[in-house]
Amino acid sequence: MFYDTENNQHGLRHDPFKALVVPRPIGWISTLSQNGIRNLAPYSFFNGVSTDPHIVMFASAGRKDSQRNIEETGEFVCNFAGWDQREQMNASSATVGPDIDEFLLAGLEGEPAQLVRPPRVKGAPAHLECIYMQTVELRSRNGRHSYDMILGEVVGIHIDDRFIHDGMVDTAAMKPVSRLGYHDYAMVDELFTMKRPR
Ligand SMILES: Cc1cc2nc3c(=O)[nH]c(=O)nc-3n(C[C@H](O)[C@H](O)[C@H](O)COP(=O)(O)O)c2cc1C
């Protein structure tokens, strides 16, 4: 099958785009509001896009609390959800007002970051401490605009020492949870290795 995305007449039950661009890592973004209220939400239009400097991005469908807090305070933490955090990660995606502490809502504890003020999710296998860089409006050729992309420089990285073996991160042991299409997720607990050609 083929369809053009201007008309988007795919004839399927749902737009298949998110079921094709898979698996998407989940940036579980913690922020503080200007009033100091803790906010937490998962974003799967998320990725690392550079290692020099270290940069991550996520895309927000409308100016949600995470985007607003980051633009107003200049800081965020990107937490990673392993298998053990999957339910809380999902719980933190509930649509609630900016006055609700989403750590409490999801039954999570925070712990301090080193270089930024927003808290980290206690128990998450890894965390990236980030400083806001810029927001990019994601506008179509003919001016449609729903999403903004938020870029942040990673200034500090925490890795739970339980997941470092022999000088390497043991990704499979972290059991990272990633997003597929529809309501589906994948969990990585098996790897294969392939060396690049010279
Ligand atoms: C696994 C998962 C991934 C999500 N990815 C995105 C995303 O990439 N962009 C987005 O705008 N919303 C995404 N959402 C929905 C947001 O998490 C949800 O709208 C949330 O309430 C936003 O919270 P905030 O207003 O505190 O930022 C996702 C939800 C889940 C469960």
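User: Let's start with a pair of side chains, Ser 44 and Arg 24. What joins them?

Analyst: A polar contact of 3.3 Å joins the side chains of Ser 44 and Arg 24. Keep in mind that this is a predicted model. To read such a contact, look for a pair of N or O atoms within 3.5 Å.

User: Where does Ser 44 lie, and is Ser 44 buried or exposed?

Analyst: Ser 44 lies in the loop between S3 and strand S4 (46–51). For burial, the cut-off is under 20% relative accessible area. Ser 44 has 18%, so it counts as buried.

User: Which part of Ser 44 lies 2.9 Å from a nitrogen atom of the ligand?

Analyst: A backbone N or O atom of Ser 44 does, at 2.9 Å from that ligand nitrogen. With Glu 102 the side chain takes part: one of its N or O atoms is 3.2 Å from a ligand oxygen.

User: How much of the ligand does the protein bury?

Analyst: Compare the ligand taken alone with the ligand in place. Alone, the ligand exposes 650 Å², and the protein buries 87% of that.

User: Which elements give two or more residues to the shell around the ligand?

Analyst: They are strand S3 (38–43), strand S5 (54–61), helix H2 (65–73) and helix H3 (86–91). S3 gives the most, with four residues.

User: Which residues come nearest to the ligand, and how does the shell divide by residue type?

Analyst: Of the 20 residues around the ligand, the nearest are Asn 39, Tyr 43, Ala 61, Lys 64 and Ser 66. By type, the shell holds ten nonpolar, six polar and four charged residues.

User: Let's turn to salt bridges. How many does the structure hold?

Analyst: The structure holds ten salt bridges. Glu 6 and Arg 141 make one of them, at 3.7 Å from N to O. This pair links distant parts of the chain, 135 residues apart: Glu 6 is in the segment before H1, while Arg 141 is in the loop between strand S9 (126–139) and S10.

User: Which residues are linked with Glu 6 in a network?

Analyst: Glu 6, Arg 141 and Arg 144 are linked in a network of salt bridges. The Glu 6 and Arg 144 side chains meet at 3.6 Å, N to O. Arg 144 sits in the loop between S9 and S10 and Glu 6 before H1, so the pair ties together parts that are 138 residues apart in sequence.

User: How exposed are these three residues?

Analyst: Glu 6 counts as partly exposed at 41% relative accessibility, and Arg 144 is partly exposed at 47%. Arg 141 counts as exposed, at 81%.

User: Which residues make the nonpolar surface patch?

Analyst: When you look for a patch, check that each residue has over 30% relative accessible area. Here Ile 157, Ile 159, Ile 164 and Val 169 make a nonpolar surface patch of about 310 Å². Take Ile 159 as a case: it lies in strand S10 (residues 145–159) and counts as partly exposed at 33% relative accessibility. Leu 151 is also found in strand S10, but Leu 151 is buried, with a relative accessible area of 12%.

How values were computed. Residues numbered from 1 in each chain as written. Predicted model: local features only at pLDDT ≥ 70, side-chain atom pairs only at ≥ 80, totals over all residues. Heavy atoms only, no water. Near = heavy atom within 4 Å. Polar contact = N/O pair within 3.5 Å; in protein donor to acceptor, adjacent residues only side chain to side chain. Areas by Shrake-Rupley, 256 points an atom, 1.4 Å probe, with all protein chains shown as cover. Nonpolar A, V, L, I, M, F, W, Y, C, P; charged D, E, K, R; others polar. Patch = residues over 30% accessible without salt bridge, like charges linked within 9 Å, V, L, I, M, F, W, Y side chains within 5 Å. Salt bridge = Lys/Arg side-chain N within 4 Å of Asp/Glu carboxyl O. Buried < 20%, exposed > 50% of the residue type's maximum accessible area, 1.4 Å probe, protein only.
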